[in-house]
Amino acid sequence: KFKEFFMAILLELHATKDDILQSYINEIYMGQNGPFQVRGFGSAAEYYFGKPLSELSLPDCALLAAIVNSPGLFSPFRAPERAHQRRDLVLTQMEKQGLISAEQADQAKKAPLPKERPGILSEPAPFFVDAVQKQLDALKIDRSQGLKIYTTLDLEAQEAAQDAVKRGLERIEKDFKRVAELKAKGKVLEGVLISSDPETGYVQAVVGGRSFKQSQFNRAIQSHRQIGSVIKPFVYLAAFESQTEDGEPYTPLTLVNDDPVKIKYEKQQWTPANYEKKYYGNIPLFFALKNSLNAATARVALQAGLEPLVELIQDLGVSSNMKALPALSLGAFELYAWEVLQSYSTLARMGDHTPLTYVISAEDLDGNEVFRHKIRAESVADKADVAVLVGMMKQTIETGTGRSIRQWGFMHPAAGKTGTTSDNKDAWFAGFTPLHVAVAWVGYDDNSSHGLTGASGAIPIWVDYMMTYAAQFPPVDFAWPEDVEVREIDVATQQALGVPEDPKLPLAPVQLVFKKSQ
């Protein structure tokens, strides 16, 4: 703020207030048209109304003034109710200030909002269409006689997803020697990105591979892959719903042992190993999650109980069969990418499960509605427990295995988890803001090992997509339940709890969410 104070003085020495205002209205971000940003009021007039700025009416101008604060939140195309209310507020203020008469304000408030003109993708969305067809088949809706189908597809999201997967796979093939060698042998590295609006459950983009022409196998909804550490947030959520060995509730600062451990079950022995075989002794729960420590997580899972863990994962929206075995705690089982999206959407909604859908409604050729999706939310986990977990998952992005997201430039409040299978056959990242959820995966169809991690393989695709599409939404933080609070944990407290020093990432205060009763 101190720098901005002097910058403002210097600016006013060289330009009048009218010049500054003119520059502002010519350059301010006003929305997103596919992969292109809408900059300035002139471009916004063409984008929203299809006419030049000089031809806009009073309600048109009021709408532009209304959305300038947050084009994503007040978009007349995506959020017409909010846009209408915001426009009316502008008109009311203009009337109060004597800029327009009461009659003009009333008349302008009755004007309809602009309708979005049909957009065109640079490429078709075959994987999304395939998902729509499979949903209609699952609903036993006959398509043979023809249907008019209204889908949840968002053109901007789909365009951004297709571009992110394409760019990401090309980058990996260029930068990673092992992948380049496998490409020379004819192996095709595949990628997935699938995203949704957590509030409605509407799936907005589906990319199930690098080319539908080469392979119609839709990996976003058909490929069953091991998820690795993507499961770990569910382990810690199960812990919050249980107690420690001492009968105490788990908190982000509860100490858990990360030393090597041998687990015996059904006449077998399992020894979960940390990445790079590095162990930390007793460390707090939040540190174990953000750094994806296997030994500590396995101990937490056994204490919380494997059967309750399976039930919790299913409640969050997973339908694949799972066995309550110790290796479950580290993701040694298979899920579809859409199941990961569904379960993480439930976390983004603070424990409210809203079923995903690709179809809003369908009509026969006579205009009779044969299907309409009903948005419904069911509470499947305690909101306070989920809030505490999401607070820890934010640290994955700030200082943990997902911190490269900040280095790539995506600065919105977000939470997520990397996933890497022990044999480096699957690389995942699942993450969300309060307003958008996306899942990225990279791997080979024949399960060849690519040597990638969730951070090196999946995060660049995820963050490319989010910076293109989700960055247009306001950078709001999560709406925490009333019975939790955010606390700052200083460096001295972290050191006392066993958090180690990292020369590459010096300790700094961290913000975590706690139940007020703890």
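Phe234, Tyr344, Phe432, Phe478 and Trp480 form one aromatic cluster.

Visitor: What kind of model is this, and how are residues numbered?
Guide: It's a predicted model, where local features need pLDDT of at least 70 and side-chain atom pairs count only at pLDDT 80 or more, while totals for chains, interfaces and linings use all residues. Residues are numbered from 1 along each chain as its sequence is written, and side-chain values use heavy atoms, with hydrogens and water left out.

Visitor: How many aromatic pairs are there?
Guide: The structure has 16. Rings of Phe, Tyr and Trp (its six-membered ring) pair if their centres lie within 6.5 Å; planes under 30 degrees apart are stacked, over 60 edge-to-face, and the rest tilted. Phenylalanine 2 and phenylalanine 6 are an edge-to-face pair, 5.2 Å centre to centre with 75 degrees between the planes.

Visitor: Where do those two lie?
Guide: Both are in helix H1 (residues 2–14), 4 residues apart, about one turn of the helix. Helices (H or I, at least four residues) and strands (E, at least two) are DSSP runs, numbered from the N terminus.

Visitor: New topic: which way does phi go at lysine 140, positive or negative?
Guide: Positive, near 60 degrees, and lysine 140 isn't a glycine. Most residues other than glycine have a negative phi. Lysine 140 sits in the loop between helix H7 (126–138) and strand E3 (148–151).

Visitor: Is lysine 140 buried or exposed?
Guide: Exposed, at 74% relative accessible area. Buried means under 20%, exposed over 50%, partly exposed in between (1.4 Å probe, protein chains only).
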